[in-house]
Amino acid sequence: MEVEIYMKNSRMNNDFKEKKTALITGASSGIGYEFSKLFAEAGYNLVLVARNKQKLKQLADELEGKFGTSVMSISKDLSASTAPQEIFDGLQQESIHIDILVNNAGFNVYGSFSETDLMEELQMVQVNLVSLTHLTKLFLPGMLIKGYGKILNVGSTGSFGPGPFNAVYCATKSFVLSFSEAIAEELQGTGITVTALCPGATKTEFFKRANMANINLLKRGVMDAKTVAEIGYNSVMKGENVVIAGTYNKLMIFLTRFMPRDMITKMVKDMMSVGKNNYQ
Ligand SMILES: NC(=O)c1ccc[n+]([C@@H]2O[C@H](COP(=O)([O-])OP(=O)(O)OC[C@H]3O[C@@H](n4cnc5c(N)ncnc54)[C@H](OP(=O)(O)O)[C@@H]3O)[C@@H](O)[C@H]2O)c1
């Protein structure tokens with residue numbers, strides 16, 4: 001299957017050869033949308049990936065108009081196992097090299113594992129974990145040849161421990177952190193850096209989409225997507241390995257180092273619940 005690439009005008013092909021290019025998945029909303037603006041402002045050409053074709057086109061037009069950067073959009077469902085290869089092949093055909101890969105697309109399936117929908121969960125594993133691994137596998141060799149590249153993988157504070165009512169989601173995000181730290185170490189000295197950004201609760205479409213807009217966690221304050229994206233952007237530019245977004249989240253993760261694991265699990269269960277405290 002061919003990939004459909006949207007480009008506003010043909011001059012872009014030259015721009016893509018001359019300037020550095022960042023590919024951002026999940027660019028149509030939330031943190032990915034903010035990443036797109038930051039990279040465009042910094043002068044990168046962009047390849048934006050998500051399912052919502054209309055939103056991607058609007059964003060591409062907005063970024064080109066505002067920052068004069070060249071933007072391609074590719075509407076793809078990353079829950080399809082063939083999507084990463086199709087994206088890669090489509091860009092190869094246009095001779096477009098990716099210097100920065102931002103694996104940001106992701107979603108949650110909320111609820112007790114005994115009740116959640118298996119197909120949705122398998123799609124989540126495919127988007128949050130398999131497509132991220134697959135895209136990294138495909139774009140890394142080109143970065144190695146050039147001796148330059150940056151990979152930003154979006155994990156979560158949920159990467160650091162089990163998440164009752166988000167059991168599969170947190171497991172996918174643990175994978176993202178573990179995978180990112182491991183390959184960052186393997187790639188030392190190659191000119192390629194790998195950064196895992198771990199946001200806590202952030203105001204985006206995420207909670208509404210997962211039907212979890214009333215959970216206790218959200219009563220403790222949420223960060224805005226722009227701030228989280230800025231933290232991720234600055235960290236990737238410095239080539240940092242792991243960054244937890246926000247002082248409160250950093251402190252929480254630090255404190256969990258000194259807590260028994262079953263206590264952390266019960267605490268997260270309460271945060272992910274609606275209403276009453278479940279862990280006493
Ligand atoms: N918000 C939070 O509190 C929070 C906390 C920790 C980590 N995170 C992580 O941050 C990342 C961004 O999420 P967000 O908070 O910005 O949520 P969001 O506003 O819901 O954005 C999610 C993005 O992922 C894309 N996406 C979802 N399913 C996809 C699929 N099957 N194929 C292709 N693209 C898909 C969506 O685009 P389309 O719908 O157009 O496809 C959208 O652009 C995710 O990895 C999430 O797990 C979020």
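This is a predicted model: local features need pLDDT of at least 70, side-chain atom pairs count only at pLDDT 80 or more; totals for chains, interfaces and linings use all residues.
Reader: In what order do the eight strands of the open sheet stand?

Author: Strands of a sheet pair through backbone hydrogen bonds, in either the parallel or the antiparallel sense. Here the order is β1-β4-β3-β2-β5-β6-β7-β10, and the pairing is mixed. Because β1 (5-7) and β10 (242-244) each have a single partner strand, they form the edges, and one side of each lacks a neighbour in the sheet. On average, neighbouring strands are turned by 15 degrees against each other, direction ignored.

Reader: In which sense do β3 and β4 pair, parallel or antiparallel?

Author: Strand β3 (residues 45-50) pairs with β4 (residues 71-75) in the parallel sense, over five bridges. Leu46 is placed opposite Val71 in β4.

Reader: Which strands does helix α4 lie across?

Author: Helix α4 (residues 83-93) lies across β1, β2 (21-25), β3 and β4, and runs at about 145 degrees to β4. Helix α8 (residues 225-238) also packs on the sheet, where it touches β5, β6, β7 and β10.

Reader: How are α5 and α6 oriented to each other, roughly parallel or roughly antiparallel?

Author: An angle under 35 degrees counts as roughly parallel. Helices α5 (residues 118-146) and α6 (residues 167-186) pack at about 10 degrees, with axes 9 Å apart; they are therefore roughly parallel. Their contact comprises ten nonpolar, four polar and two charged residues, including Leu132 in α5 and Phe179 in α6.

Reader: Which residues line the second largest pocket?

Author: Among them are Ser29, Thr202, Lys203, Phe207 and Val222. The space in this pocket is about 230 Å³, and the lining has four nonpolar, four polar and three charged residues.

Note on methods. Residues are numbered from 1 along each chain as its sequence is written. Side-chain values use heavy atoms; hydrogens and water are left out. Axes are lines fitted to C-alpha atoms, for helices over the stretch in contact, and angles run from 0 to 180 degrees between N-to-C directions. Helices (H or I, at least four residues) and strands (E, at least two) are DSSP runs, numbered from the N terminus. Angles under 35 degrees count as roughly parallel, over 145 as roughly antiparallel, 65 to 115 as roughly perpendicular and the rest as oblique. Contact means heavy atoms within 4.5 Å. Ala, Val, Leu, Ile, Met, Phe, Trp, Tyr, Cys and Pro count as nonpolar, Asp, Glu, Lys and Arg as charged, and the others, Gly among them, as polar. On a 1 Å grid over the protein atoms alone, a cavity is a set of points where a 1.4 Å probe fits but cannot get out, and a pocket is an open set with protein on both sides within 12 Å along at least five of seven lines; lining residues have an atom within 4 Å of a point. Grid points are joined across faces, edges and corners, and a volume is the space filled by probe spheres set on the points. Two strands pair if DSSP finds at least two bridges between them.
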